[in-house]
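Welcome to a short tour of a protein chain. Keep the 3D view open beside the text and find each residue as it comes up.

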Amino acid sequence: MPEAAALTLVPTPIGNLEDITLRAIRVLREADLVLCEDTRTSGRLLQHLELKKPLQAYHLHNEHQVVPRLLERLAKGERMALVSDAGTPGISDPGFLLVRECLARGLAVECLPGPTALIPALLKSGFGAERFAFEGFLPVKKGRQTRLQELARETRTLIFYESPHRIVKTLTQLAEVFGPERPASVSRELTKLFEETLTASLGELATTLAARSAIKGEIVLVVEGAKQEKGERSKYNFRDDEASDDGDADDDPAA
Ligand code: SAM
């Protein structure tokens with residue numbers, strides 16, 4: 001087994017506690033320090049796993065302050081695990097800054113594979129998964145319309161994270177910019193008791209969800225990519241690429 005990295009990113013469940021991996025539990029057990037967004041949330045997870053570990057807050061509001069001291073400790077040989085409240089750290093969650101600074105100093109960084117909300121939502125949508133673009137959260141105000149316009153002709157499947165109180169507004173705006181007929185899928189409360197996935201057009205989804213008295217829980221929105229313009233060669237879709245094989249040896253993965 002390779003020597004433990006200085007910093008290991010440890011994905012944690014997005015709902016169902018059974019989704020923690022055996023390796024994640026071992027890395028947490030062996031860490032000198034667990035960095036987490038919220039010490040209460042991660043404290044409960046460690047308690048569930050029957051692990052007692054020192055915890056330190058590492059979140060968007062303190063990361064610039066704490067990174068220098070963490071780097072000193074990592075350089076002296078401490079082993080740290082970074083978790084977020086749920087899912088994979090660094091995916092719409094803190095992590096990027098510490099990873100970048102560790103790598104810049106030659107400190108080994110490991111990331112375990114594990115739970116993240118975007119992948120089950122993508123696969124449950126039934127839309128093409130050979131190529132996709134993860135957009136995270138759309139800008140709330142500044143730059144929102146520009147981003148929507150930029151994405152309107154994107155042919156890859158698009159994945160967005162969204163909050164329950166903004167989902168109807170987002171679906172409505174997407175319907176305006178992408179067209180109301182564009183197929184989309186809303187996955188709510190993935191891996192949890194009241195998990196549901198609705199797949200319909202953007203316009204229908206906006207109407208269906210607007211009619212609900214309350215929308216609760218966490219949401220991933222998946223939107224099918226734009227259709228190719230006639231005569232346009234696909235940059236992304238594997239099947240289209242096969243169909244329009246131009247005999248170029250560069251296209252052959254075995255060549
Ligand atoms: N790091 C996380 C990951 O790997 O997926 C994402 C953290 S981000 C702050 C939180 C967002 O992820 C939520 O607003 C929602 O869009 C999505 N999310 C997280 N858990 C989810 C779940 N169980 N069902 C649906 N969406 C979820």
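Let's begin with Glu50, which sits in the loop between helix H2 (39-48) and strand S3 (55-57). Keep in mind that this model is predicted. Glu50 is not a glycine, and yet its phi is positive, at about 60 degrees. Is Glu50 buried or exposed? With a relative accessible area of 73%, Glu50 is exposed, because the cut-off for that class is over 50%.

Thr191 also has a positive phi, about 70 degrees, without being a glycine. You will find Thr191 in the loop between S8 and strand S9 (196-201). Its relative accessibility is 26%, so Thr191 counts as partly exposed.

## The chain as a whole

Now zoom out. The protein chain holds 9 helices and 10 strands. It has 255 residues, and 42% of them count as buried. Its accessible surface comes to about 14,300 Å², with 52% of that belonging to carbon and sulfur atoms.

How do contacts span the sequence? Take the contacts between residues at least 6 apart in sequence: 70% of these join residues at least 24 apart.

Not counting residues up to four places away in sequence, Leu202 touches Leu171, Leu174, Ala175, Phe178, Gly179, Pro180, Arg182, Ala184 and Val223.

## Helix H4 and its neighbours

Next, look at helix H4 (residues 96-104), where Leu97, Leu98, Val99, Glu101 and Cys102 are buried. What do the buried residues of H4 pack against? They pack against strand S1 (7-9), strand S2 (33-36), helix H3 (63-75) and strand S5 (109-111). Here is a rule to keep in mind while you look: an α-helix has 3.6 residues a turn, so residues three or four places apart point the same way. After H4 comes Gly106, with a positive phi near 75 degrees.

## Salt bridges

The chain has 17 salt bridges. One of them joins the side chains of Arg100 and Glu101, at 3.1 Å from N to O. Arg100 is partly exposed, because its relative accessible area is 42%. Glu101, at 17%, is buried.

Another salt bridge joins the side chains of Glu135 and Arg147, at 3.5 Å from N to O. This pair links distant parts of the chain: Glu135 is in strand S6 and Arg147 is in helix H6 (residues 144-151), 12 residues apart. Glu135 counts as partly exposed at 21% relative accessibility, and Arg147 is partly exposed too, with a relative accessible area of 28%.

The side chains of Glu154 and Arg156 also meet in a salt bridge, at 3.0 Å from N to O. Glu154 counts as buried, because its relative accessibility is 13%, while Arg156 is partly exposed at 23%. Some salt bridges share partners, and in this way Arg100, Glu101 and Arg105 are joined into one network.

## Around helix H5

Our last stop is Ser125, in helix H5 (residues 118-125). Why does Ser125 count as buried? Its relative accessibility is 7%, and buried means under 20%. A polar atom of the Ser125 side chain lies 3.1 Å from the backbone nitrogen of Phe127. Leaving aside residues up to four places away in sequence, Ser125 touches Ser185, Thr199 and Val222.

Finally, turn to the surface. Ile119, Leu123 and Phe132 form a nonpolar patch there, and together they have about 250 Å² of accessible area. Phe132 lies in strand S6 (residues 132-137), and at 30% relative accessibility Phe132 counts as partly exposed.

Key. Residues are numbered from 1 along each chain as its sequence is written. This is a predicted model: local features need pLDDT of at least 70, side-chain atom pairs count only at pLDDT 80 or more; totals for chains, interfaces and linings use all residues. Side-chain values use heavy atoms; hydrogens and water are left out. Helices (H or I, at least four residues) and strands (E, at least two) are DSSP runs, numbered from the N terminus. Buried means under 20% relative accessible area, exposed over 50%, partly exposed in between (1.4 Å probe, protein chains only). A polar contact is a pair of N or O atoms within 3.5 Å; within protein, one must be able to donate a hydrogen and the other to accept it, and residues adjacent in sequence count only if both atoms are side-chain atoms. Contact means heavy atoms within 4.5 Å. Patches are made of residues with over 30% relative accessible area and no salt bridge: like charges are joined within 9 Å, nonpolar side chains (Val, Leu, Ile, Met, Phe, Trp, Tyr) within 5 Å. Accessible areas come from the Shrake-Rupley method with a 1.4 Å probe; for residues, only the protein chains shown count as cover. A salt bridge is a side-chain nitrogen of Lys or Arg within 4 Å of a carboxyl oxygen of Asp or Glu.
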